[in-house]
Amino acid sequence: MGCNVGKGDQIFRFVLGVVLLLAYFLGWIAGTWGTVALIVGIILVVTAAFRFCPLYRLLGVSTCEPQKG
């Protein structure tokens with residue numbers, strides 16, 4: 001399981017994930033959309049933490065910088 005989420009992508013995913021989780025837990029989003037926000041927020045934070053996105057792998061996409069050497 002290699003890196004396929006670059007630094008900029010990682011920061012964006014983390015910030016958006018935290019915003020969605022805060023919106024859910026503070027009650028700004030409720031009902032079905034609240035559940036969607038919770039699930040998407042968790043996925044974004046986890047993929048940012050591991051710098052790996054299964055969907056990117058499936059599509060053959062990588063935003064990581066090429067390794068030197």
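In which helix does Arg13 lie?

Analyst: Arg13 lies in helix α1. Helices here are DSSP runs of H or I with at least four residues, strands are runs of E with at least two, and both are numbered from the N terminus. This is a predicted model, where local features need pLDDT of at least 70, side-chain atom pairs count only at pLDDT 80 or more, and totals for chains, interfaces and linings use all residues. Residues are numbered from 1 along each chain as its sequence is written, and side-chain values use heavy atoms, with hydrogens and water left out.

Start with burial. Arg13 counts as buried because its relative accessibility is 8%. Buried means under 20% relative accessible area, exposed means over 50%, and partly exposed is in between, with a 1.4 Å probe and protein chains only.

Next, the charge partner. Asp9 forms a salt bridge with Arg13, and the closest N and O atoms are 3.1 Å apart. A salt bridge is a side-chain nitrogen of Lys or Arg within 4 Å of a carboxyl oxygen of Asp or Glu. In general, side chains of opposite charge can pair when their charged atoms come close. A search of the whole structure finds one salt bridge. Asp9 and Arg13 both lie in helix α1, four residues apart, which is about one turn of the helix. Asp9 also counts as buried, because its relative accessibility is 14%.

Now the contacts, meaning heavy atoms within 4.5 Å. Leaving aside neighbours within four places in sequence, Arg13 touches Val5, Leu44, Thr47, Ala48, Cys53 and Tyr56.

Several of these partners belong to α2. Leu44, Thr47 and Ala48 are among the buried residues of α2, as are Gly34, Ala37, Leu38 and Gly41. The buried residues of α2 pack against α1 and α3. Helix α2 covers residues 31-50, and its 20 residues should span 28 Å at 1.5 Å a residue; the end C-alpha atoms are 29 Å apart, so the two agree. That expected span is 1.5 Å times one less than the number of residues.

Past the helix comes Arg51, with a positive phi near 55°. Arg51 is not a glycine. Arg51 sits in the loop between α2 and α3. Arg51 is partly exposed, because its relative accessible area is 25%.

Cys53 is another contact of Arg13. Cys53 counts as buried, because its relative accessibility is 8%.

Then the cysteine link. Cys3 and Cys64 form a disulfide, with sulfur atoms 1.9 Å apart. A disulfide is a pair of cysteine sulfur atoms within 2.5 Å. By this rule the count is one disulfide. The link of Cys3 and Cys64 is left-handed, with -60° about the S-S bond. The pair joins distant parts of the chain, 61 residues apart: Cys3 is in the segment before α1 (7-25), and Cys64 is in the segment after α3 (54-59). Cys53 is in no disulfide; the nearest cysteine sulfur, that of Cys64, is 11 Å away. Cys3 counts as partly exposed because its relative accessibility is 40%, whereas Cys64 counts as buried because its value is 17%.
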